[in-house]
Amino acid sequence: MEKFNEYLFVALIGGFGYCLIEIIWRGRTHYSMFFAGAIVLSSFYYIAKNYHIPFLLKCLAGMLIITGIELVFGIVFNIFLKEHVWDYSNMPLNFLGQICLPFSAMWFVLSGIAFKVMDKTIPLLSK
């Protein structure tokens, strides 16, 4: 039960954090972004806690996780459900208007920040 509470706490921070980033970045968010953020940060937490890999590899993994989650959520919410959460069609090197290289590069950087913060907080959460 202790691990469940630990991951639930991380997921809640991820969900609210992802929504906050969206509100700051573009002035709005969508309920699906809460779940995307929860999945992303929980995944990062699992990696940070269980794998001792080089920092740049963590950033790459984080970028791929976020980009993958955005692709899946984009296909579901933007294409199938037509909720128009975001549209990267005007961005260079986009795929289906759901993911694009410039944002993936930004996810690489933000992943690095998230992993650095986790390096400091994991000892506090794991007690």
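The dialogue below reads several features of one predicted model.

Q: What kind of model is this, and how are residues numbered?
A: This is a predicted model, in which local features need pLDDT of at least 70 and side-chain atom pairs count only at pLDDT 80 or more, while totals for chains, interfaces and linings use all residues. Residues are numbered from 1 along each chain as its sequence is written, and side-chain values use heavy atoms, with hydrogens and water left out.

Q: How many aromatic pairs does the count come to?
A: Rings of Phe, Tyr and Trp (its six-membered ring) pair if their centres lie within 6.5 Å; planes under 30 degrees apart are stacked, over 60 edge-to-face, and the rest tilted. By this rule the count is 12 aromatic pairs. One of them joins Tyr31 and Phe77, an edge-to-face pair with 5.7 Å centre to centre and 90 degrees between the planes.

Q: Which parts does the pair of Tyr31 and Phe77 tie together?
A: Helices (H or I, at least four residues) and strands (E, at least two) are DSSP runs, numbered from the N terminus. Tyr31 lies in helix α2 (residues 31-50) and Phe77 in helix α3 (residues 55-80), so the pair ties together parts that are 46 residues apart in sequence.

Q: Is Phe77 buried or exposed?
A: Buried means under 20% relative accessible area, exposed over 50%, and partly exposed in between (1.4 Å probe, protein chains only). Phe77 is buried, at a relative accessible area of 13%, whereas Tyr31 is partly exposed, at 48%. For Trp86 and Tyr88, the aromatic pair is tilted, with 6.3 Å centre to centre and 40 degrees between the planes. Both Trp86 and Tyr88 are buried.

Q: Which residues form one aromatic cluster?
A: The cluster is made up of Tyr18, Trp25, Trp86, Tyr88, Phe103 and Trp107.

Q: Where does the charged end of Lys116 sit?
A: A charge sits over a ring if NZ of Lys or CZ of Arg is within 6 Å of the ring centre and within 35 degrees of the ring normal. Here the charged end of Lys116 sits over the ring of Phe55, 4.6 Å from its centre.

Q: What describes two packed helices?
A: Two packed helices are described by the angle between their axes and the distance between the axes. Axes are lines fitted to C-alpha atoms, for helices over the stretch in contact, and angles run from 0 to 180 degrees between N-to-C directions. The axes of α2 and α3 come within 10 Å and cross at roughly 155 degrees. Angles under 35 degrees count as roughly parallel, over 145 as roughly antiparallel, 65 to 115 as roughly perpendicular and the rest as oblique. Therefore α2 and α3 are roughly antiparallel to each other.

Q: Is the crossing of α2 and α3 left-handed or right-handed?
A: A crossing is left-handed if the near helix is turned anticlockwise from the far one by less than a right angle, and right-handed if clockwise. The crossing of α2 past α3 is right-handed. Contact means heavy atoms within 4.5 Å. Residues making the contact include Tyr31, Phe35 and Ile39 of α2, and Ile65, Phe73 and Phe77 of α3.

Q: At what angle do α1 and α2 pack?
A: Helix α1 (residues 2-26) and α2 pack at about 130 degrees, with their axes 6 Å apart. That makes α1 oblique to α2. The crossing of α1 and α2 is right-handed.

Q: Is Lys58 buried or exposed, and which residues does Lys58 touch?
A: Lys58 lies in helix α3 and counts as buried, at 9% relative accessibility. Not counting residues up to four places away in sequence, Lys58 touches Tyr51, Ile53, Phe115 and Asp119.
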